[in-house]
Amino acid sequence: MGLLAAVALAFGASGCGTSASDAEFELTVTNFNHIDASESAVLHWFLDEVEERSEGRVEFERYDQEQLCSGAETTECVRDGRADIGATIPSYKPGEFEISEIMNMPFQSQNAEAVGQAYAKLLESNEEVASEGESMGLKQLWVTSTDVSIFGATEPIEGIDGLANMRSRSAGEGMTYALEAIGASPVNTTASEMYEAMQNGVIDVWFNLISGGSDYNLFEVSEHWRTTGFGTYINVIQVINQETWDSLPDDIQQIFNETVTDLNAGAGYDVLAETMQEQCDKVIDAGTLESWETWDDSATDEWENALGDTVVEEWKSNVEGKVDDPDALREEFLTYLEEAEASSDFVSPAIGCSERV
């Protein structure tokens, strides 16, 4: 826990005049994302809101872009107290938060807001989902779904045959299986390594988001971008140290929870879309892209058929012992997703941006 928080609690416990209603808390936040990333914008919206709603009783010491802890060590960083809150993704640490991978099934949805809202309902209603992370001393605050996957290469690639035998940057188990299903060779690299990997021929194709393409200047090393219909494919989990959370008074916890509710209801995805629009402008203004096309539905269908049920079955295997009935949980999630898609007006920023090239 941050020093100010510890001091405030110590005074309160000793009866020196600090009560739950006026104690102050300084919490340390580690964020692996690029400072300009849309995911960072959502995180900082949340932090700003909590500071404002708490009238300054909560302050955050913020470390972006792996300044404090790397993405791969975020959970350890939050668990051991170097940070109180951290952003992590399951693909950086396989075996952690495997239930949440239900959000990331290939070809499942093109609507990041709906995916995030569906999972938020699971967090609220399902104890198996909500308790994931407890064994690591962590509590999930919220989980953000990101926009649809796109890829970039130095030559146009119009279908799955073009990706065969390509060394393709992969992020997440679902994408790895999907690439293997069409004969591509997945290469696990972090987002910050993609530019150099393209430059040095370590990978032939990068898969990421428009935010990654913009933040890491991938338009300089890949002139042809494609949207494939793969859909949303990765999530960002915001976790808090469980002891830190338990030490916060009820009114501060309520501020956190109310802010999370507003984020999931749409405010967070408004920030996501607004930031991605700025990133789109950067990509377009660079003037280096020669093409950005969307694959025909037939190409997407061919890829989906090649993959089959592999990812779903692997997820069910991974959550065995954590979830009593994986099939029932997936059906519950898909029901929430269908409902959220019907009411959401979120439009993929990447799809909209591609139409400008």
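Author: Axes here are lines fitted to C-alpha atoms, for helices over the stretch in contact, and angles run from 0 to 180 degrees between N-to-C directions. The model is a predicted one.

Reader: How are α7 and α12 oriented to each other?

Author: The axes of α7 and α12 (residues 297-307) come within 9 Å and cross at roughly 100°. Angles of 65 to 115 degrees count as roughly perpendicular. The two helices, α7 and α12, are therefore roughly perpendicular to each other.

Reader: Which class do the residues of the contact of α7 with α12 belong to?

Author: From α7 come Tyr177, Ala178, Leu179 and Ala181, and from α12 come Trp303, Ala306 and Leu307. No polar and no charged residues take part in the contact of α7 with α12, and 7 are nonpolar.

Reader: Which element gives the most to the lining of the largest pocket?

Author: The largest pocket, with a volume of about 510 Å³, is lined by 24 residues. Elements that give two or more residues to this lining are α4 (112-125), α5 (127-130), β4 (138-145), α11 (250-286) and α14 (326-343). With 6 residues, the element that gives the most is α4.

Reader: Which residues are the closest to the centre of the second largest pocket?

Author: The second largest pocket has a volume of about 310 Å³. Its lining takes at least two residues each from β6 (167-170) and α7 (173-181), and by class has 4 nonpolar, 9 polar and 5 charged residues. Of the 18 lining residues, the closest to the centre of the second largest pocket are Pro90, Ser91, Pro94, Gly172 and Glu173.

Definitions and conventions
Residues numbered from 1 in each chain as written. Predicted model: local features only at pLDDT ≥ 70, side-chain atom pairs only at ≥ 80, totals over all residues. Heavy atoms only, no water. 1 Å grid on protein atoms, 1.4 Å probe; cavity = no way out; pocket = protein on both sides within 12 Å on 5 of 7 lines; lining within 4 Å. Points joined across faces, edges and corners; volume = space filled by probe spheres on them. Helix = DSSP H or I, 4+ residues; strand = E, 2+ residues; numbered from the N terminus. Nonpolar A, V, L, I, M, F, W, Y, C, P; charged D, E, K, R; others polar. Parallel < 35°, antiparallel > 145°, perpendicular 65-115°, else oblique. Contact = heavy atoms within 4.5 Å.
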